[in-house]
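The exercises below are meant to be worked through with the sequence and the model side by side. Try each task before reading the solution that follows it.

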Amino acid sequence: MDRLIAARVFVPIAERGSMIAAAGQLDMSRAMVTRYLAQMEQWAGARLLHRTTRKLSLTDAGERTLALCRQMLAVAENIDLVADKQDDAIRGLLRISCSQSLGQTVLAEAVTQYLQRYPAVAVDLQMNNQAVNLVEERIDLALRITNDLDPNLIARPLSTCDSVVCATPAWLKKHGTPHHPDDLARHNCLTYSWFGKSLWQFDHQGTKSAVAVSGNLSANESVVLLAATLQDAGISLQPYYSVAALLEKGELIELLPDYTPQAMGIYGIYLSRKQMPLTLRSMLDFLVEWFATDPRWQRMLRR
């Protein structure tokens, strides 16, 4: 964990005598504040706080650590001032995590356009479909597609991900075409491990419903399910951005067009709004703009 960030966390804890108050001041989750405090105590090799039911107070080691943290932050602030005077350009390394499907189909193009606008920035794009620990993995920004966002996370809405139920013409010729969501129970449905694995949700003229599905293949990456669908393995629920071109070519057929699968939000997840690096802020602003205006992405939305 970053010692400078830990110092920025420890100082308000010590000054306010409360981790909850410090979390509110830092706009950081209490769990993250607790982790930074535990790491600071590990580095110091001593307990830094007396904990009571009403308030936290500093130990002798905590007093010494507080003084050192204030010195460290003062030095860092002076360095920042020097950097601001020398160069206020957006530059540096930005580590981004996202799913393989979003990275391949969408984000690679968006990031390329961002780098053309900000050539002094370098992006390290990490493909990982599971939720990553931003601190341990040193991730600046994680893009997640979900309707079940952790309330402890700091998230900026970027766009919406629409989905479509689809299969190949060969599969439908052999097994028939479902005309109602209940018909899916008679088909081999390829399911996504982390979302709606056995329950696909639909909206039909304002009425919501959920349909139990099953099949002989599940995976934690929609790219795998798409490849299997194209090999006539069954029916899958895919992000529309992944299959839009295949639907236009007729390689896949959209099923149940009158029943809209549940849409999900696309979010940018990061650690703290306080003292956000200019590079991270510029990337978030760029992605909001890109999702809202890029013609290619707009064609991948159903609405």
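**Exercise 1. Describe how helices H1 and H2 pass one another, and name the residues that meet.**

Solution. H1 and H2 pass in a right-handed crossing, a crossing being left-handed if the near helix is turned anticlockwise from the far one by less than a right angle, and right-handed if clockwise. The model is a predicted one, in which local features need pLDDT of at least 70 and side-chain atom pairs count only at pLDDT 80 or more, whereas totals for chains, interfaces and linings use all residues. Residues are numbered from 1 along each chain as its sequence is written, and side-chain values use heavy atoms, with hydrogens and water left out.

Next, take the geometry: two packed helices are described by the angle between their axes and the distance between the axes. The axes of H1 (residues 3-16) and H2 (residues 19-26) come within 8 Å and cross at roughly 130°; axes are lines fitted to C-alpha atoms, for helices over the stretch in contact, and angles run from 0 to 180 degrees between N-to-C directions. H1 is therefore oblique to H2, given that angles under 35 degrees count as roughly parallel, over 145 as roughly antiparallel, 65 to 115 as roughly perpendicular and the rest as oblique. Helices (H or I, at least four residues) and strands (E, at least two) are DSSP runs, numbered from the N terminus.

Finally, Arg8, Val9, Pro12, Ile13 and Arg16 of H1 meet Met19, Ala21, Ala22, Gln25 and Leu26 of H2, where contact means heavy atoms within 4.5 Å.

**Exercise 2. Find which residues have the most contacts inside the largest nonpolar core, and which element gives the most to this core.**

Solution. A nonpolar core is a set of buried Ala, Val, Leu, Ile, Met, Phe, Trp, Tyr and Cys residues joined through side-chain atoms within 4.5 Å; buried means under 20% relative accessible area, exposed over 50%, and partly exposed in between (1.4 Å probe, protein chains only). The largest such core has 39 residues, and Leu143, Leu287 and Trp297 have the most contacts inside it. Among the elements that each supply at least two residues are strand E3 (92-98), helix H5 (100-117), strand E5 (141-146) and helix H9 (278-293). H9 gives the most, with seven residues.

Turning to tryptophan 297, and not counting residues up to four places away in sequence, one finds that this side of the picture includes contacts with Val106, Ser159, Thr160, Tyr241, Ile266, Trp290 and Phe291. A second, separate core of 25 residues includes Val11, Ala14, Met40 and Val135.
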